[in-house]
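We will go from stop to stop, and at each one you will know what to click and what to look for.

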Amino acid sequence: MTALASAAMAAPASAAEAPVVVPLQGLEPVIPMDAPTVATGVPLPVPGAPTVFHEGRSQALPDIGLPRVPVSTTLPRTVLAAPLPEVIEGSQLGTALFTAPGSPLKTATPAARVGNPVGLPRGDRFGLPDLTTPDAGVLTPAVNGALDPQLGLVQPTA
């Protein structure tokens with residue numbers, strides 16, 4: 001039991017995906033060609049630890065806010081193959097093939113922050129801090145990844 005648990009923890013969590021094959025055979029009576037095939041997967045996102053970053057602030061107390069949460073996953077490999085219909089009798093055009101290899105994707109959730117309304121203690125005020133107006137802000141979500149899809153025609157094998 002312990003060996004199974006350690007093997008499961010050793011597997012990379014970012015490579016997890018749920019495979020999906022879309023059943024399109026029900027279209028064959030309606031369309032004048034063989035049904036296309038679609039094979040892909042559903043990425044399973046893995047949340048990371050929230051990140052907090054204080055940018056160049058010289059305050060005694062940190063800002064108050066809702067931190068960004070990084071989420072990483074791998075977009076699964078996708079293959080869409082559509083056999084082309086026979087336009088001229090006896091001719092076989094082949095199969096239109098769209099492929100997109102798996103690629104890593106990193107995102108970060110939106111975040112919010114409100115600056116601390118209390119400044120640093122001042123010596124000329126007997127150690128009392130300055131009151132400042134809070135500095136509020138919203139950090140936008142971030143997405144980082146790259147797709148490399150390819151579209152082509154596969155000739156039939158004779």
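The tour starts with the whole chain and then moves to single strands and residues.

**Stop 1: the whole chain**

Before clicking on anything, please remember that this is a predicted model. Of its 158 residues, 14% are buried. Now show the surface. The protein chain exposes about 11,400 Å², and carbon and sulfur atoms supply 67% of that area. How far apart in sequence are residues that touch? Taking contacts between residues at least 6 apart in sequence, 65% join residues at least 24 apart.

**Stop 2: a sheet of five strands**

Colour β1, β2, β6, β7 and β14, and you will have an open sheet whose strands follow the order β1-β2-β6-β7-β14, with antiparallel pairing. Its edge strands are β1 (17-22) and β14 (150-154), each of which pairs on one side only. On average, neighbouring strands of this sheet are turned by 20 degrees against each other, direction ignored.

Zoom in on β2 (residues 37-43) and β6, which pair in the antiparallel sense over three bridges. Select V38 next; its bridge partner in β6 is L80.

**Stop 3: T78**

Stay with β6, which covers residues 78-83, and select T78. Which side chain makes a polar contact with the side chain of T78? Look for T40: the polar contact between the two side chains is 2.8 Å. Leaving aside neighbours within four places in sequence, T78 is in contact with A39, T40, F98, T99 and A100.

**Stop 4: a sheet of four strands**

Now colour β3, β5, β8 and β13. These four strands form an open sheet in the order β3-β5-β8-β13, again with antiparallel pairing. The edge strands here are β3 (46-47) and β13 (142-145), and each pairs on one side only. Two bridges join β3 to the antiparallel strand β5 (residues 70-75). To see this pairing up close, select V46 and its bridge partner in β5, S72.

**Stop 5: S103**

Select S103, which lies in strand β8 (residues 103-108). Is S103 buried or exposed? S103 is buried, because its relative accessible area is 7%, and buried means under 20%. Show its side chain and follow it to the backbone oxygen of A146, at 3.0 Å. Not counting residues up to four places away in sequence, S103 touches T73, T74, L75, A146 and L147.

**Stop 6**

Side chains of opposite charge can pair when their charged atoms come close.

**Stop 7: F126**

Finish in the loop between β10 (118-121) and β11 (129-131), where you will find F126. At 81% relative accessibility, F126 counts as exposed. Now check the backbone: most residues other than glycine have a negative phi. The phi of F126, however, is near 60 degrees, a positive value in a residue other than glycine.

How values were computed: Residues numbered from 1 in each chain as written. Predicted model: local features only at pLDDT ≥ 70, side-chain atom pairs only at ≥ 80, totals over all residues. Heavy atoms only, no water. Polar contact = N/O pair within 3.5 Å; in protein donor to acceptor, adjacent residues only side chain to side chain. Contact = heavy atoms within 4.5 Å. Buried < 20%, exposed > 50% of the residue type's maximum accessible area, 1.4 Å probe, protein only. Areas by Shrake-Rupley, 256 points an atom, 1.4 Å probe, with all protein chains shown as cover. Pairing = 2+ DSSP bridges. Axes fitted to C-alpha atoms, helices over the stretch in contact; angles between N-to-C directions.
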